[in-house]
Amino acid sequence: MMLMRINVFVLTLFQCSSIDAFSPKQGIRIHHQKQSNQLLGVFIDSSSSSRLFSTEDDSSSPVKKKKLGLLTFDLDDTLYPIDVVLSEANRAFAQAMERFGYSGIGPDEIDKTGKLIRLEEMTPEEAAQMTHTDIRRLAIRRELEKAMLERKLKEVAEDWATPVSALADVVVAHAKQWTRTAVSPSIVDSILSSWEMERHHAAERHLYPEVLECLAQLKKEHPEMIIGAVTDGKANPLLMMFTLNKYFDFCCSWEDDQSERTRFFIELGNVDEKAALSWIYEAARFKYAEIKNLTDMIATEMSSSADSATSPKEKMLAYPAEYDDLVWIHVGDDLAYDVGGSSQCGAKTIYCELASRYNQTARHRFEDLEEQPQWSTSSPTELENRRRMNQKAEPLVDQKIKYLTDLPEAINQILDRS
């Protein structure tokens, strides 16, 4: 069993950044391919089929409780509070800047600068092409340029025995041009790495208390299920070695497929378009397909080696027909992204509208569009469209939980009705 897990984990790591993970391969048929451009208008009714893969009508088969094949989670504000996690990551950014000799830069400067770059210095089309990582890298570089410019102008002013404010515009312009070429990309990457590392450490420290116990219970009740993460951020549970790593089999991030992400945010910023979210969930279903097929192949090989009279090919499963009784459930805190997006691809949904003690912030952004968290870089148009998408997605909630301890029971209720 340990060998199976290691092999599956290694395969997952190699495929997580591969474009192939987003393209259906021959022999693996993924349904619901026509869902793009349907989220803001009309969500697909997933009540007719909650199965991962289905090839035939089994309406005449005896009714029995379905088994859970794939369980996917959003991460931010579903398994830990994103606000405090980003706050601590920003402190790591300020500390890294200080290590490189740039002191006096506040932790929140990276958020302020990132928001300035995305909302005021870019067109909507340009902003749509930027991932969270891209914006953060630009913000770090901008902060380094500002610090270096301030230092350079002070040096020039001291040499000329004049106040900085008295320096000629042409001198300031040349100094700005110099700083744009003087910033080392390796320093930018190092500071960004410090931020990302602390983001994962902070997520592990602030993991909701019930999460690990809940995941252990689910693994015990559904030992054959595959668990994945679908996130629009930079977090990856496979990098959380002390907590989530042993429970998760793969992670799909919005940053894995830039072309589809760009198209979504362009559509989100245009009230005349319909934003499509199905691509990231199709990627999750495809990753499940590869892992499940590989797991079964290994199990078949092991079984056949114990029975030399039977050829391994004779015991191979005819994919995907044998998996059509398995259910996919997605868990998350965002109505549009988690509920609306996953339901387009056939998933049953559990909406985490958690109690106040969980300190969720992301889902509250749409209650008052004027009051936004420090880390949010969404434009007013994007927020308004997201609110409309949330309203469209509300009828697609299969179960709603207030406490994470309710998750196993919510899953069982879905399986009972599937």
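Leaving aside its neighbours within four places in sequence, with which residues is E198 in contact? I looked this up in a predicted model, where local features need pLDDT of at least 70, side-chain atom pairs count only at pLDDT 80 or more, and totals for chains, interfaces and linings use all residues. Residues are numbered from 1 along each chain as its sequence is written, and side-chain values use heavy atoms, with hydrogens and water left out.

**Entry on E198.** Beyond those sequence neighbours within four places, I find E198 in contact with E88, A89, A92 and R205, where contact means heavy atoms within 4.5 Å. E198 belongs to helix α7, helices (H or I, at least four residues) and strands (E, at least two) being DSSP runs numbered from the N terminus. With a relative accessible area of 18%, E198 is buried; the classes are buried under 20% relative accessible area, exposed over 50% and partly exposed in between (1.4 Å probe, protein chains only).

**Entry on the chain.** I noted 14 helices and 6 strands in the protein chain, and 52% of its 418 residues count as buried. Among contacts in the protein chain with a separation of 6 or more, residues 24 or more positions apart account for 75%.

**Entry on α5 and α7.** Two packed helices are described by the angle between their axes and the distance between the axes. I read an angle of about 125° between helix α5 (residues 132–159) and helix α7 (residues 185–205), with the axes 10 Å apart; axes are lines fitted to C-alpha atoms, for helices over the stretch in contact, and angles run from 0 to 180 degrees between N-to-C directions. The two helices are therefore oblique to each other, given that under 35 degrees counts as roughly parallel, over 145 as roughly antiparallel, 65 to 115 as roughly perpendicular and the rest as oblique. On the α5 side I listed T133, R136, R137, I140, R141 and L144, which meet I187, V188, D189, I191, L192, W195 and E196 in α7.

**Entry on rings.** My search of the whole structure gave 4 aromatic pairs, which are rings of Phe, Tyr and Trp (its six-membered ring) with centres within 6.5 Å, counted as stacked with planes under 30 degrees apart, edge-to-face over 60 and tilted for the rest. Y281 and W328 make a tilted pair, 6.4 Å centre to centre with 45° between the planes. Because Y281 lies in helix α10 (residues 278–306) and W328 in strand β4 (residues 326–332), this pair ties together parts that are 47 residues apart in sequence. Both Y281 and W328 are buried. I also noted that ring pairs link Y208, Y358 and Y403 into a cluster.

**Entry on K65.** K65 lies in the loop between α1 (2–15) and β1 (67–73) and, at 46% relative accessibility, counts as partly exposed. Its C-alpha is 7.7 Å from that of R417, although K65 and R417 are 352 residues apart in sequence. Neighbours within four places aside, K65 is in contact with N412, L415 and D416.

**Entry on phi.** Most residues other than glycine have a negative phi, and most peptide bonds are trans. I therefore looked up D77, which is not a glycine and has a positive phi of about 65°; D77 sits in the loop between β1 and α2 (82–99) and is buried, with a relative accessible area of 0%. A161, also not a glycine, has a positive phi of about 55°; A161 lies in the loop between α5 and α6 (169–182) and is exposed, with a relative accessible area of 72%.
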